[in-house]
Amino acid sequence: MSVTLKNITKIFTDPSNQAREVVAVKDVNLEIQEGEMVTFLGPSGCGKTTTLRIISGFETPTNGEVWISGTLVNEIPPNKRDTSMVFQSYAIFPHLSVSQNIGFGLELKGVKPKEIRRQVEEIMEVMTLTNLYNRRPDQLSGGQQQRVALARAIINRPKVLLFDEPLSNLDAKLRDQMRIEIRRIQQSFGITSIYVTHDQDEAMTVSDRIMVMKDGEVMQIGTPFEIYSRPANTFVADFIGRVNLIDAVVETVEPESISVVCGGGGEHRHKVITSWAGDFKKGDAARIVVRPESLRLSRMGDTAAGADGKATAAAEAASVSAATAEENGTARSEVPFLKGIIKRSVYLGPTVEYEIDVPDVKAQILAVTYNPVEEGFYRNGEEVGINFSSAASHLL
Ligand SMILES: Nc1ncnc2c1ncn2[C@@H]1O[C@H](COP(=O)(O)OP(=O)(O)O)[C@@H](O)[C@H]1O
Ligand SMILES: [Mg+2]
């Protein structure tokens, strides 16, 4: 079922100072399609829970309208809205078995025991809980308890499933598994869902679309790809992953591409695809946005430059990789867009992270390279060339 928010605003009075108003949600507009899973993502206090509670009816908006499958529900109480909430605290009954917990909602509705059993068995199978039929909650793992809570919410076939940071009580590994599980189950039932989290990885994993919020306002609504690769502003760029921002000036605007220059004398020229940039004209100040993994590093000169080539894991990897790098021609002939000096490197096994000083554009650039043994390794103090493609960059 679709959910539509029109100009939703919520103003609270500050409990510690009645004269002060807190604008928790400010003019939020959103349309969620049937079967879609949308995440509200943003730092703590940005209004995610309040927006969710307005949809469920536990909070009344100061302004605006909530529509659920074509019906204006502002005046409809929570229990008549046909939404179901999955909380982080499992809120399952400790004295009931798994099957009794899951079937509880149907029992309340007066469904016949045989039919309850059939539906409970069906849902337990989908949720891989089958052999836990008679278990008590205290005999379950955290992940199993979470699945029981989810099954209990889904069995009532709500129009909309609401999740408020459901995984924050679980340890990291289980959280990773459960997000994939939640997404699988949501898709297999096709239930329209709204998921609240402050964790960007979680949002990327479970969402069809993400609504990024800050201070009660919507910063951007888009697919995980759009949010990550075409952030609408520096807040989004920074909040979703790590990013490099390079100050530049717009030189020319063409239908296909925008050319910008950067550096003190404007000596570095870069092209960005026009449709990925905002509204720019010649002479405008802009920032090139590029993700660390989109940078290509190249060797500038003598590889023995290592200023402080101490016996670190990084240095060790460097000596192993030097030969391979030569062999693969990592010392590229490409003219570098920027040149920088490696300040710090962190060897993480599959990746190496470099902090690079680029005095020309007064920036510290973060680069991530993969497969260091094949791709080569740069030492602290070494000068490197930095390139990236038009497709991997974006203009704000
Ligand atoms: N009942 C309330 N009374 C007053 N202020 C509130 C109330 N509930 C939430 N707030 C405030 O509204 C803002 C948004 O809160 P919330 O929606 O819980 O954020 P989030 O879920 O993103 O962490 C915060 O500043 C919070 O302190
Ligand atoms: Mg919250």
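Q: What pLDDT does the chain average?
A: This is a predicted model, so let's start with the predictor's confidence in each residue, which runs from 0 to 100. Here 89% of the residues score at least 70. Across the chain, the average pLDDT is 87.

Q: How many contacts beyond near neighbours in sequence does the stretch 323-332 have in the model?
A: Two stretches are worth a look here. Residues 303-311 have a pLDDT below 50, with 16 contacts beyond near neighbours in sequence. Residues 323-332 also have a pLDDT below 50, and their count of such contacts is 11.

Q: Which strands are at the edges of the open sheet of 6 strands?
A: Read the strand order, 6-7-8-3-9-10, with its mixed pairing. An edge strand here pairs on one side only. That picks out strand 6 (83-86) and strand 10 (217-222).

Q: Which residue in strand 8 is the bridge partner of Met 37?
A: Strand 3 covers residues 37-41 and strand 8 covers residues 192-197. The two pair in the parallel sense over 5 bridges. Follow the bridge from Met 37 into strand 8 and you land on Ser 193.

Q: Why is one side of strand 13 left without a neighbour in the sheet?
A: The open sheet of 5 strands runs 13-12-11-14-20, with antiparallel pairing. Strand 13 (268-273) stands at an edge, so one side is left without a neighbour because it has a single partner strand. Strand 13 pairs with strand 12 (residues 257-262) over 6 bridges, so that partner is strand 12.

Q: In strand 13, what is the bridge partner of Val 260?
A: Strands 12 and 13 pair in the antiparallel sense. Val 260 has its bridge partner in strand 13, and that residue is His 270.

Definitions and conventions. Residues numbered from 1 in each chain as written. Chains lettered and ligands numbered in written order. Predicted model: local features only at pLDDT ≥ 70, side-chain atom pairs only at ≥ 80, totals over all residues. Contact = placed C-beta atoms within 7 Å. Pairing = 2+ DSSP bridges. Helix = DSSP H or I, 4+ residues; strand = E, 2+ residues; numbered from the N terminus.
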